[in-house]
Amino acid sequence: MKVLVISDSFKGTMTSREICDIARSAVKDMDVDLVTIPVADGGEGTVESFVEAIGAEPVTIEVTGPYSDTTVKATYARAGYTAIIEAAEACGLPLVEELGREKDPFKTTTYGVGELVLDALESGCINILLGLGGTSTNDGGCGLAAALDTRFYDKDGEEFVPVGGTLKNIARIDTTYTHAAFHEVSLTAMCDVDNPTVGAEGAAFVFAPQKGAPADRLFQLDDGLKNLCNVIERDLSVKVADLPGGGAAGGMGAGCVAFFDGKLVSGIDAVLDAVNFDDLIKDVDLIITGEGHLDSQSIAGKAISGIAKRADGVPVVAIVGKNDCTDNEIKSLGLQAVYETGNDETPLEELMARAKDDYRRVFIDVIKANI
């Protein structure tokens, strides 16, 4: 029996790589041909998955952190002429807490993401894969663009680097000096949401609350993004206000398209293409995937749904920490079965502490049930 384990992380408890390690250890005395591929959907763990899956080279540099007066060590990956970058490495929400700062999408910046891209360009990369998940920002990707010499001016003609709270001050955008390499570079942004840039379903109203924005000020962030979109349409002749996925990472999805002629793609599809998933599963008997929490968001383009959609008839089961999907939703995902490692009666802290042991136990049960 040949089994492919290709699970996302259980955020906060197990990385995708650790899940693969547990799986290999669990079947070492069984008659199972096991293949393991750590994956992510463009968010946390994307760089690590490429390093593990295709032997990409990790590169660590110091860049601007989530606030312009901070610096962090951030890692991206290089594979030939391709760079794989996680935006969260420079401006991720967890970094805000690690730096001892308050969450505030009015002040956070994507400038450090641009510095990661710049380092990749200067290293000779011509293909940039940028994961947009998990950021603390709402600046429409202006920081990213500014780091690559896009110029932003206010009504007085003063140049500045916009953040969420100052997008409303943008009066003119000049891409004349945007890094020359982008004439020959392809930028692909990996995102797992299709929210537009602005409006009730846009970046500010849907995602900014978890980034620290109070409910009574969300309209200010949305108004700032509306102004950015209006100036982009006037100065760059690109419409991004209603762009599906434009709202990813605080509007960075829109910025990637507007400033760099980038493409927005499903993060998990980009990862699966990179690991040659379609060829990999041709002689596989069972695919085991999973994530920490299976819910309605999992149906809308997360790793599990992307893997199941491309399984080409191979049975797919999911091992998850918690399942909040109905039987009909599980069926719509294309899953044969879902197995939970935890239960509602056990305190969360206890579940997290024993997550690896619980995963191993359930994994062995799944293998025995399918041999």
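**Strand β13 and its neighbours**

Modeller: Let's begin with a parallel pair: strand β11 (residues 286-289) and β13 are joined by three bridges. Strands here are DSSP E runs of at least two residues, helices are H or I runs of at least four, and both are numbered from the N terminus. Two strands pair if DSSP finds at least two bridges between them.

Biologist: Before we go on, what kind of model is this, and what pLDDT do local features need?

Modeller: It's a predicted model: local features need pLDDT of at least 70, side-chain atom pairs count only at pLDDT 80 or more, and totals for chains, interfaces and linings use all residues. Residues are numbered from 1 along each chain as its sequence is written, and side-chain values use heavy atoms, with hydrogens and water left out.

Biologist: Ok. What stands opposite V316 in β13?

Modeller: That's I287. β13 also runs parallel to strand β15 (residues 337-340), with four bridges between them. There, I319 has Y339 in β15 as its bridge partner.

Biologist: Why is β13 described as largely enclosed?

Modeller: Because five of the five residues of strand β13 (residues 316-320) are buried. Buried means under 20% relative accessible area, with exposed over 50% and partly exposed in between (1.4 Å probe, protein chains only). V316, A318 and V320 point one way from β13, V317 and I319 point the other way, and all are buried.

Biologist: Switching topic: what's the strand order in the open sheet of six strands?

Modeller: The order is β3-β4-β5-β6-β9-β10, and the pairing is mixed. β3 (57-64) and β10 (263-266) are the edge strands, each pairing on one side only. From one strand to the next, the twist averages 30°. Axes are lines fitted to C-alpha atoms, for helices over the stretch in contact, and angles run from 0 to 180 degrees between N-to-C directions.

Biologist: Which helices pack on it?

Modeller: Helix α2 (residues 46-54) does, touching β3, β4 (71-79), β5, β6 and β9 (186-191), where contact means heavy atoms within 4.5 Å. The direction of α2 makes about 145° with that of β5. Helix α5 (residues 111-122) packs on the sheet too, touching β3, β4, β5 and β6, and its direction makes about 135° with that of β3.

Biologist: And how many bridges join β5 to β6?

Modeller: Five, between residues 82-86 of β5 and 127-131 of β6, which run parallel. I85 stands opposite L130 in β6.

Biologist: How many disulfides are there?

Modeller: Zero in the whole structure, counting a pair of cysteine sulfur atoms within 2.5 Å as a disulfide. For C142, the nearest cysteine sulfur is that of C229, 9.6 Å away.

Biologist: Is C142 buried or exposed?

Modeller: C142 counts as buried, at 0% relative accessibility.

Biologist: Last topic, aromatics. How many pairs?

Modeller: Four aromatic pairs. Rings of Phe, Tyr and Trp (its six-membered ring) pair if their centres lie within 6.5 Å; planes under 30 degrees apart are stacked, over 60 edge-to-face, the rest tilted. F152 and F259 are edge-to-face, 5.6 Å centre to centre with 90° between the planes. F152 is in strand β7 (residues 151-153) and F259 in helix α9 (residues 248-260), 107 residues apart. Both F152 and F259 are buried.

Biologist: What does F259 do with F260?

Modeller: They form an edge-to-face pair, 6.4 Å centre to centre and 75° between the planes.
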